[in-house]
Amino acid sequence: MAGAAGPGTGPGAAGGDGDDSLYPIAVLIDELRNEDVQLRLNSIKKLSTIALALGVERTRTELLPFLTDTIYDEDEVLLALAEQLGNFTGLVGGPDFAHCLLPPLESLATVEETVVRDKAVESLRQISQEHTPVALEAHFVPLVKRLASGDWFTSRTSACGLFSVCYPRASNAVKAEIRQHFRSLCSDDTPMVRRAAASKLGEFAKVLELDSVKSEIVPLFTNLASDEQDSVRLLAVEACVSIAQLLSQEDLEALVMPTLRQAAEDKSWRVRYMVADKFSELQKAVGPKITLNDLIPAFQNLLKDCEAEVRAAAAHKVKELCENLPAEGRETIIMNQILPFIKELVSDTNQHVKSALASVIMGLSTILGKENTIEHLLPLFLAQLKDECPEVRLNIISNLDCVNEVIGIRQLSQSLLPAIVELAEDAKWRVRLAIIEYMPLLAGQLGMEFFDEKLNSLCMAWLVDHVYAIREAATNNLMKLVQKFGTEWAQNTIVPKVLVMANDPNYLHRMTTLFCINVLSEACGQEITTKQMLPIVLKMAGDQVANVRFNVAKSLQKIGPILDTDALQEEVKPVLQKLGQDEDMDVKYFAQEAISVLALA
Amino acid sequence: METKLPPASTPTSPSSPGLSPVPPPDKVDGFSRRSLRRARPRRSHSSSQFRYQSNQQELTPLPLLKDVPASELHELLSRKLAQCGVMFDFLDCVADLKGKEVKRAALNELVECVGSTRGVLIEPVYPDIIRMISVNIFRTLPPSENPEFDPEEDEPNLEPSWPHLQLVYEFFLRFLESPDFQPSVAKRYVDQKFVLMLLELFDSEDPREREYLKTILHRVYGKFLGLRAYIRKQCSHIFLRFIYELEHFNGVAELLEILGSIINGFALPLKTEHKQFLVRVLIPLHSVKSLSVFHAQLAYCVVQFLEKDATLTEHVIRGLLKYWPKTCTQKEVMFLGEMEEILDVIEPSQFVKIQEPLFKQVARCVSSPHFQVAERALYFWNNEYILSLIEDNCHTVLPAVFGTLYQVSKEHWNQTIVSLIYNVLKTFMEMNGKLFDELTASYKLEKQQEQQKARERQELWQGLEELRLRRLQGTQGAKEAPLQRLTAQVATSGGQS
């Protein structure tokens, strides 16, 4: 094996054990320096193997310095390196030596490419936990400080993510310094750094002492929330959630709410969008009292915002907002303060807004109960079921189960049917696909009788759709329906119609018969399969289109296990043997495959 | 109505080419996907601008500026400016037609007046003017109707209030260009905050608006010396955000066009700040997905830098090699084009420094299965200057590309490429027959050595992998007693091999 190390490489370090000497560092480093990027990448991904071969001592003294000094490489390689180093503590000798990993990660945390930097920060966070408190102050904190005062924005950005992991275990004097550094990053000249700081503000606040939160974090929050760039302001909204959780109601009212109120009315729609998007979190963080006084009015404004994006984001939160209101008085609040605005949104000019609302509105019925649902929500559901935009109708139909629990689906069925029929014939196949997926659910809720009368013909029509994905979904749909309504129903209503298609002039439809048999045979059981399906399949073995013939072979393989031995030996075997001699290559292949799988050879 | 602007000239050096010479981006991709996409249905949206407008007062036409005696001119001008600060809803195209017409007429008159009448721009009207402009142009741009807006494929959203907005921009421009304009007075109002908001507007989807902004920012840069460093810094912030955070900003090409002329005017020797801008901002800009939208302007900036200071060449070329596209052939062709532009101005002393990595990349491009990439790379040999550089350094360049060229000449699927490579090989033969023969002879040997190396590598890794498994079992064995015997066995067998 020594030869594998290549010519000209003698035994390595004398002190090492036998295995180490086989792999002198030079050979391994050659691999890490290979001209071919792909090979370099492969080597880096196996860095742990290399380290293992070198042993902990030489990994520390030889490999890591090499990685720190000489690696200037493709971002892809650097990313792999950053990731590897996060799990390297064991390979350098355990927590006592974890700090050896800091230098290479420090350089990686300053590179231009965001993905690499983020990964380096992630690994640094991981390693920080493995440091002892002493090592943390001796090695890790100085690194954070260096990054925080780096001259290019990349290192300062990376520093932002490291404060919260070293703060809790630092001594008081060091803590003050860490806070000082974080403060200066929050007012950095570069907006990129301010954004990074703003996005970590909440995380940092959580590890601070309450006094410091009030005296230091809150002013930072207020500043960031009124930054000249909206991209910074909107990140402050996120931080608001974390900060609010830490403060008492009084402090919250005095220190945070003025800023939050201002954010909800910011002149930039992006900030208002963020408030709408984080609404549920904000609601939980500020508690019921402030929610009633402040958030509900703000929410009303967001629901009638001039930008559709903001309205849609707010509409998405309607259900959660209502759910999270205190049970006492909830109904009154919803009826008087929320519902009037929802009614407006049902006829919004923007389809995204309507569709966002349609995806949650049904959830209100469980909160409001039967009577309110029938009186107030039902008209809205019905209006949305008739909406011109298919997505809105689809969102209503896909959430029918919520209403079913409260008032039963019958209330809706008269309006439901035209909506379903229209979606079933929508010009966009994705819409048709979506409605097919809800068929089994609808069938269960509407019952067999209603289904046979109104929907069965739709399900059969999809089998001859001109888009394959629809035919495929229709086939699977049949199987689920049989599981729901039972074999007797299948035998009377589905199977005859499927089998008739075997004589269709279009070979695609003839193949659909086979696909249906593939999924239905198991649900229908041996008797129906043998008596009704098998003869048709066998007859199709003589089809003139080769695709049909090899699908016959595939189908026989599929339904074979359901049949009894007699049928297999006397009926299936001869047909497969004949197909095994077919002139078409594929037919032969699948016939032979079926013969061997069914053990008929 | 004047819509075309006169070609802008540079503020710093009158002989430099200014804004106009930047050529339009090349269309390198012959297969437009435009026809495959269906037009998205337009949805109406409102502009954030009108949120705060309530209780609109009725506008009544004022007397014409030219009809009043000079003593009353400024008072009337002030009233007109105030009138023009009233905003209208253009999404509702029938709303308040009378008011819109009054404002339009007033704006037209202001444009006319500031452009042709001397003595109008006296100190007291500056704040009114800037206020009117600010109220009209500064607004939060509405969300894009199409979140995946592709400037090359999709129709941009046009600003609905353009009938007024255009006149305001035109007025702003004539104000800045007026012979009476005094930067020393205006700088109290055109401050850093103003410039920052102006820069944010470059994200507008409306190309007409960006065109005005470009000329205006150019004038501002020219006339307000105190704002120059700030403008450059904010531009680089916009670019960095575009590169590393958003990948979306509509006005990159326009900003680069302005920077092209700014770079042109840089004094020598270049400041560190400027060099850093090249290396840390302009070069990484090449990595952005939508490069094709602004590549021409970007390449122009880069070449401007190299013409100023040739010692930057190595940095630039190594940077481009670092960001060389791996999967996007369209971008690869653009990179090759830019590289040729750089080679056109390269000094031989600089060429020597980067020839090897550069020509290894060129060789990789020649072996690209995409024939446009291969073809573009092979065109380098049609360039007289590049050819002379290759000839002068053939002992380095030839070995760097020979193996690949030789192999591709036998394997490429496209006949045009094959014949182009034959021509290149022929040139080599004529250039240095002896070296050519040596390389041909060593080619086979190298191939064999490569295989040998690959085998050795495989063995090395296999060995390492076995060692790893043994170690792993060793540590597990230490923890779990039942495994110990097995591990011992493995260890002895490992020791024997």
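Lys214(B) and Glu257(B) form a salt bridge through their side chains, 3.1 Å from N to O. By salt bridge I mean a side-chain nitrogen of Lys or Arg within 4 Å of a carboxyl oxygen of Asp or Glu. This pair links distant parts of the chain: Lys214(B) sits in helix α7 (residues 207–223) of chain B and Glu257(B) in helix α9 (residues 252–264) of chain B, 43 residues apart. Helices here are DSSP runs of H or I with at least four residues, and strands are runs of E with at least two, numbered from the N terminus. Both Lys214(B) and Glu257(B) are buried. Buried means under 20% relative accessible area, exposed means over 50%, and partly exposed is in between, with a 1.4 Å probe and protein chains only.

Before going on, the ground rules. This is a predicted model, where local features need pLDDT of at least 70 and side-chain atom pairs count only at pLDDT 80 or more, while totals for chains, interfaces and linings use all residues. Residues are numbered from 1 along each chain as its sequence is written, chains are lettered from A and ligands numbered from 1 in the order in which they are written, and side-chain values use heavy atoms, with hydrogens and water left out.

Staying in helix α9 of chain B, there is also Glu254(B). Glu254(B) is buried, at 10% relative accessible area. Which residues is Glu254(B) in contact with, leaving aside its neighbours within four places in sequence? They are Phe202(B), Arg210(B) and Lys214(B), where contact means heavy atoms within 4.5 Å.

Now the wider count. Over all chains, a search of the whole structure finds 51 salt bridges. One of them, in chain A, joins the side chains of Arg233(A) and Asp266(A) at 2.8 Å, N to O. Arg233(A) is in helix α14 (residues 230–246) of chain A, and Asp266(A) is in the loop between α15 (249–264) and α16 (269–277) of chain A, so this bridge ties together parts that are 33 residues apart in sequence. Arg233(A) is buried at 7% relative accessibility, and Asp266(A) is buried at 8%.

Another salt bridge brings together the side chains of Arg272(A) and Asp305(A), at 2.6 Å from N to O. It links distant parts of the chain, with Arg272(A) in helix α16 of chain A and Asp305(A) in the loop between α17 (279–303) and α18 (308–316) of chain A, 33 residues apart. Arg272(A) and Asp305(A) are both buried.

Next, the aromatics. A pair of rings is described by the distance of the centres and the angle of the planes. Rings of Phe, Tyr and Trp (its six-membered ring) pair if their centres lie within 6.5 Å; planes under 30 degrees apart are stacked, over 60 edge-to-face, and the rest tilted. The whole structure has 34 aromatic pairs over all chains. Why is the pair of Phe451(A) and Phe485(A) edge-to-face? Because the ring planes are at 65°, with the centres 5.6 Å apart. Phe451(A) is in helix α27 (residues 448–462) of chain A and Phe485(A) in helix α28 (residues 468–485) of chain A, 34 residues apart. Phe451(A) is buried at 0% relative accessible area, and Phe485(A) is buried at 14%.

In chain B, ring pairs join Tyr126(B), Phe171(B), Phe175(B), Phe181(B) and Phe224(B) into a cluster. Chain B also has Lys100(B) over the face of Phe90(B), 4.6 Å from the ring centre. The criterion is NZ of Lys or CZ of Arg within 6 Å of the ring centre and within 35 degrees of the ring normal.

Last, helix α14 (residues 348–366) of chain B. Where is the kink in α14(B)? A kink of about 60° lies at Gln355(B), shortly before the proline Pro357(B). The bend is the angle between axes fitted to the seven residues ending at a residue and the seven starting there. Gln355(B) is among the buried residues of α14(B), as are Ile354(B) and Leu358(B). The buried residues of this helix pack against several others in chain B, including α12 (313–322) and α13 (329–345).
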